[in-house]
Amino acid sequence: MADIIVLILLLATGYFFGRMAEKRHYKSILQREKKYQKLTVVASKFPPAFKNTHDTELVMGSVVVSVDYFKRFVASLRNLIGGRVRTYETLVDRARREAILRMKEEAARLGARMIFNIKLETASISKNQRNNNVGSVEVLAYGTAIIPPRAD
Amino acid sequence: MITTNLEMIPGKRIKTHLGLVQGSSVRAKHVGRDLMAGLKNIFGGELKGYTELLQESREEAISRMIEQAQSIGANAVLNVRFSTSTIAQGAAELFAYGTAVIMEE
């Protein structure tokens, strides 16, 4: 009986806090994406030929995000019947966008106008082997910032 | 030292290729951070401790790669790639590699 109460309590806290955190995160992501819209991110390997030499700098951003208890529970139920695991989709989406934003922030600090050859890498970080489900993911975004010469 | 993940640097020419350079670092999480992460696993959200940890070890891997490039006389590392792997329970390896070259100044 006590087990069930604990489980329900965990699910409830996970549900409420997780939802709150996700909403807040998405809000801040959208806000910052608008702010850095001018900074173009390109997946191409070859930058256009510039007339004058530009500086290049490796920039990266990474984030580790974890799902809440409720979502993990729902996902484990999903494992029984298969299909789309929506609860994990938002997790990975958030992590990826956050990583890209952090990379852009670093590039903006350097005064870059473009980022070329962006690569994304996802790694799952399992706390222990016992419950080897997704849990938390790390996303790394990296690319080369092209910094135009200072006009002076 | 220039590091980039492009295959060239716009406006500069490659003089000599020196081959592959690499750097890696293996880090384990400490108990305090693990505890916090355990709590975060219930509430969800960013695990700041882990983000920092991985960031630090990635920088370490890059600096080792750069050290190796410097020791063979390169002045730039092109086409840098990263990879992450979990080798043991609670330890992660961060790996950076690229091509060392000598660029025209």
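How many helices and strands does chain B have? In the predicted model of the complex, chain B has two helices and five strands, where helices (H or I, at least four residues) and strands (E, at least two) are DSSP runs numbered from the N terminus. Residues are numbered from 1 along each chain as its sequence is written, while chains are lettered from A and ligands numbered from 1 in the order in which they are written. Because the model is predicted, local features need pLDDT of at least 70 and side-chain atom pairs count only at pLDDT 80 or more, whereas totals for chains, interfaces and linings use all residues.

The predictor assigns the complex an ipTM of 0.83 and a pTM of 0.86. For chain B the mean pLDDT, the predictor's confidence in each residue from 0 to 100, is 86, with 95% of the residues at 70 or more.

Along the sequence, the elements of chain B follow the pattern β-β-α-β-α-β-β. The radius of gyration of chain B is 17 Å, well over the 13 Å that the globule rule gives for 105 residues, so chain B is more spread out than a compact globule. Here the radius of gyration is taken over C-alpha atoms, and the globule rule is 2.2 Å times the number of residues to the power 0.38. The C-alpha trace of chain B spans about 55 × 25 × 15 Å along its principal axes. Of its 105 residues, 32% count as buried; a residue is buried if 20 or more other C-beta atoms lie within 10 Å of its own, exposed if 12 or fewer, and partly exposed in between, with C-beta atoms placed from the backbone. Contacts are defined by C-beta atoms, placed from the backbone, that lie within 7 Å. In chain B, 75% of the contacts with a separation of 6 or more are between residues 24 or more positions apart.

Chain A contains three helices and four strands, arranged from the N terminus as α-β-β-α-α-β-β. Along the principal axes, the C-alpha atoms of chain A fill a box of roughly 75 × 25 × 25 Å. Buried residues make up 30% of the 152 residues in chain A, and 84% of the contacts between residues at least 6 apart in sequence join residues at least 24 apart. In α2(A), Y69(A), F70(A), K71(A) and R72(A) are buried. Just after α2(A), G82(A) adopts a positive phi of about 75 degrees.

Five strands form an open sheet of mixed pairing, in the order β1(A)-β3(A)-β4(A)-β2(A)-β3(B). At the edges stand β1 (40-41) of chain A and β3 of chain B, each with a single partner strand, so one side of each is left without a neighbour in the sheet. Pairing requires that DSSP find at least two bridges between two strands. β2(A) and β4(A) pair in the antiparallel sense over twelve bridges, and V64(A) has E138(A) as its bridge partner in β4(A). Ten bridges join β3(A) and β4(A), again antiparallel, with I125(A) partnered by S136(A) in β4(A). Ten of the twelve residues of β2(A) are buried, so β2(A) is largely enclosed by the rest of the structure.

The sheet also crosses between the chains: two bridges join β2(A) to strand β3 (residues 45-46) of chain B in an antiparallel arrangement, and S66(A) stands opposite G45(B) in β3(B). Overall, 38 residues of chain A are in contact with 30 residues of chain B. The side of chain A that touches chain B receives two or more residues from each of α1 (2-35), β2, α2 (69-81), β3 and β4 of chain A. Its largest share, seven residues, comes from β2(A). By class, this side has 16 nonpolar, 15 polar and seven charged residues, where Ala, Val, Leu, Ile, Met, Phe, Trp, Tyr, Cys and Pro count as nonpolar, Asp, Glu, Lys and Arg as charged, and the others, Gly among them, as polar.

The largest nonpolar core has 48 residues, and those with the most contacts inside it are V59(A), A99(A), M103(A), A141(A), Y142(A), M65(B) and V77(B). Such a core is a set of buried Ala, Val, Leu, Ile, Met, Phe, Trp, Tyr and Cys residues joined through C-beta atoms within 7 Å. Leaving aside neighbours within four places in sequence, the contacts of M65(B) include V21(B), V77(B), A96(B) and Y97(B).

Conventions:
Two residues are in contact if their C-beta atoms, placed from the backbone, lie within 7 Å.
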